[in-house]
Amino acid sequence: MLLELDSISFSYGEKRVLSNISFTLDHSQILLIAGENGSGKSTLLKLISTLLVPSSGKVRLSGIPYNADNYKEIRKRISYIFQKSDDNFCTATVRDEIAFKMVNASLCEKRVQEKTEQILRMSALYDKRYENPLYLSSGEKERLMLYSSCTMDEDLLIFDESFSNMDERGRKEAISFITEMKKMGKGIIYVSHSIGEMDASDRILILKDGNLLSLDESSNVLSNHEALYKSGLDIRVRDRSEYLMSREGFDFYEIKKILEGI
C-alpha cells in the first residue's frame, strides 16, 4: 500500500475543515478528489503533502508514519504541483528548473545532466532550455510544470487543480502524462471539477462540507447522477436534465423521442 489515511480530521482554530477522512491509494493507481469550493480538497492535499499537520488521525506513506522524525524522508517521495504553473517555477532557465530538485538533493553532476537532457527531450522543450520559464507560452509552461514534477522518481504525484487553467490540448497532454506515470508505478492524486478529466481516474473521492460524501470506482460515480447532483459538481447538461426529470417521474429518453418527432 502506498498511502493510507486513517480518520483524518483538521481544524483551523475552532473551524472544522475535515472530519474523519479515511482512504487508501496503491501504486499505479489514480485517485481524483472532487467537491465544491470550500469542501476541503486543498486542505486534504496539504495534509498528505506534510504542508499541514492533522488535528487527529494517522497518515502513512509506504508504511512510514507521518511525524516530525519522518517528514524529510516522506517529502522526498512526494511531488506537489500547484494550480498555477508560474507558482511552481523558481529558477531562471528551463534547464535549471528541471534540474532544480536533483541539485537540491545533491545528486552527482553527471546524473543531473543526464536526467535533465532526457526530460528536456521527452517534454519537447530542448530548444527552449535556456529561456526563462516565465517567458514560455502557456502550453510550454504547463509542459514544464508536468515534466519537472517527477525528476526525483517520487512515489506519489499530487496535482492541486493544476489542469484548470489549461486549454483542451493542454488538458489532454496532462491526462496523457499522468496515465504514463501510472504505468511507471506511481500513485497519483489530482483535483478536478471537469467530468472529462474524471474519466482518467481509477477512483473518485467526493468531499462535501469537509466530509467524505462518496468514494468508489470512477465508472460507478460517473453513472450515479444522484450522487453527482448532491455533491454540487457541475455535470453535463444532458445528465443533469436526465437526473432532475427522473426524480420527478419523467422518462428523459421518451420525452427526447417525442421532441425529436415533432
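**Helix packing**

I began with helix H3 (residues 94-104), whose buried residues pack against helix H4 (109-122) and helix H5 (138-147). I kept in mind throughout that the model is a predicted one.

Which residues of H3 are buried? I listed Val94, Arg95, Glu97, Ile98, Ala99 and Met102. As background I noted that residues three or four places apart on an α-helix point the same way, because there are 3.6 residues a turn.

The axes of H3 and H4 come within 9 Å and cross at roughly 135 degrees. Angles over 145 degrees would count as roughly antiparallel and 65 to 115 as roughly perpendicular, so H3 is oblique to H4. I recorded the crossing of H3 and H4 as right-handed.

For the contact itself, I found Val94, Arg95, Ile98, Ala99, Met102 and Val103 on the H3 side, with Val112, Lys115, Thr116, Glu117, Ile119 and Leu120 contributed by H4. Sorted by class, the contact of H3 with H4 comprises eight nonpolar, one polar and three charged residues. Before leaving this region I checked the backbone after H3, where Ser106 has a positive phi, near 60 degrees.

**The open sheet**

Next I traced the sheet, which is open, has six strands in the order S6-S7-S8-S3-S9-S10, and shows mixed pairing. Why is one side of S6 and of S10 left without a neighbour in the sheet? Strand S6 (78-81) and S10 stand at the edges and have a single partner strand each, so one side of each lacks a neighbour there. On average, neighbouring strands of this sheet are turned by 15 degrees against each other, with direction ignored.

I also looked for a helix lying across the sheet strands, and noted that helix H6 (residues 168-183) lies across strand S3 (30-35), strand S7 (156-159) and strand S8 (187-191). The direction of H6 is at about 155 degrees to that of S8.

Finally, I followed strand S9 (residues 203-208) and strand S10 (residues 211-217), which pair in the antiparallel sense over six bridges. Ile204 stands opposite Asp216 in S10, and Leu207 has Leu212 as its bridge partner in that strand. The hairpin has two residues between the strands, and in it Asp209 takes a positive phi near 55 degrees.

Key:
Residues are numbered from 1 along each chain as its sequence is written. This is a predicted model: local features need pLDDT of at least 70, side-chain atom pairs count only at pLDDT 80 or more; totals for chains, interfaces and linings use all residues. Side-chain values use heavy atoms; hydrogens and water are left out. Two strands pair if DSSP finds at least two bridges between them. Helices (H or I, at least four residues) and strands (E, at least two) are DSSP runs, numbered from the N terminus. Axes are lines fitted to C-alpha atoms, for helices over the stretch in contact, and angles run from 0 to 180 degrees between N-to-C directions. Contact means heavy atoms within 4.5 Å. Buried means under 20% relative accessible area, exposed over 50%, partly exposed in between (1.4 Å probe, protein chains only). Angles under 35 degrees count as roughly parallel, over 145 as roughly antiparallel, 65 to 115 as roughly perpendicular and the rest as oblique. A crossing is left-handed if the near helix is turned anticlockwise from the far one by less than a right angle, and right-handed if clockwise. Ala, Val, Leu, Ile, Met, Phe, Trp, Tyr, Cys and Pro count as nonpolar, Asp, Glu, Lys and Arg as charged, and the others, Gly among them, as polar.
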